[in-house]
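Please consult the sequence and the model shown here while reading.

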Amino acid sequence: MGASLSNLTDGGPPGLGDIPENCVACVFMYLTPPEICNLARLNRAFRGAASSDAVWESKLPCNYHHLLDLLPQQNYDGLSKKDIFALLARSVPFDDGNKEVWLDRISGRICMSISSKAMLITNMEDRRHWNWFPTEESRFHVVAYCQQVWWFELSGTVTFPFPPDVYTLTFRVHLGKISKRLGRRACNFEHTHGWDLGPVRYELSTSDGQHAVSECFLDDIGQDDANGNIKRGSWIEYKVGEFIVNTSEPVTEVRFSMKQIDCTHSKGGLCVDSVTIIPSDLKVHT
């Protein structure tokens with residue numbers, strides 16, 4: 001597809017192979033990582049530019065060194081910037097594996113997930129009310145299941161040097177208990193009750209004074225969510241709100257909670273998987 005340099009001396013037309021590698025690298029600055037990797041197959045100049053540290057440094061967040069600090073040094077010593085991007089695009093666990101952070105593979109922006117294991121859950125120690133159960137449907141392989149409570153409350157916090165951006169925080173929950181029967185997915189709604197009698201209140205606040213509150217009924221059987229998902233039998237992302245980070249220093253502390261503390265009725269039959277924090281205009285890529 002590309003012509004070699006010798007084509008010019010022979011009077012042949014110039015081609016892609018005649019473009020200097022540093023010029024290709026300048027173009028790559030404006031492309032996404034997948035686009036760069038695809039173009040690297042064209043010829044030697046494109047392949048060389050696609051391995052340039054300068055190109056991949058531009059795809060990494062300004063404070064990517066903080067993510068590397070979460071890993072053993074031997075995991076990234078001597079790696080090129082391209083390999084560092086690939087390493088951080090995979091989940092980097094921290095806080096005993098109950099939190100994960102990663103780079104979006106298209107934009108290079110930071111995303112985070114926080115397991116319910118990292119949250120404070122009222123009455124979690126009483127197995128009549130709450131249980132943990134394993135599932136392949138969680139990135140943490142375990143979720144909290146509320147069997148029956150009167151006072152429903154979960155809260156958590158994360159302190160992290162988020163790079164400047166606008167972030168959205170969501171809770172990932174599921175009405176009914178999920179399981180597998182004869183290799184097929186099944187949902188048990190035996191204990192699902194009470195969520196239609198009062199709204200769940202979500203809150204977030206940050207160390208620099210930002211605050212957001214939202215409320216919704218979880219068991220609104222007759223309605224679908226904004227993304228067209230049926231609420232019963234599906235994992236749903238409930239948006240709590242947004243917060244803005246203007247600088248990575250000082251680090252941002254984010255506090256969040258989910259509660260339904262109307263003790264006039266019990267409620268139960270709900271799985272709580274995690275909290276997700278991602279840039280607000282980012283579509284998550286799997």
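## Terms and basis

Two residues are in contact when heavy atoms of theirs lie within 4.5 Å. The model is predicted: local features need pLDDT of at least 70 and side-chain atom pairs count only at pLDDT 80 or more, while totals for chains, interfaces and linings use all residues. Residues are numbered from 1 along each chain as its sequence is written, and side-chain values use heavy atoms, with hydrogens and water left out.

A nonpolar core is a set of buried Ala, Val, Leu, Ile, Met, Phe, Trp, Tyr and Cys residues joined through side-chain atoms within 4.5 Å. The largest one has 63 residues, and Ile277 is one of those with the most contacts inside it, as is Leu88.

## Two loop residues

Ser266 is placed in the loop between β14 (252–260) and β15 (270–279); strands are DSSP runs of E, at least two residues, numbered from the N terminus. Ser266 counts as buried, at 14% relative accessibility (buried is under 20% relative accessible area, exposed over 50%, partly exposed in between, with a 1.4 Å probe and protein chains only). Residues touched by Ser266, beyond four places in sequence, include Trp150 and His193.

Arg105 lies in the loop between β2 (99–103) and β3 (110–115). Arg105 is partly exposed because its relative accessible area is 40%. Its C-alpha is 9.1 Å from that of Leu88, 17 residues away in sequence.

Terms used. Helix = DSSP H or I, 4+ residues; strand = E, 2+ residues; numbered from the N terminus.
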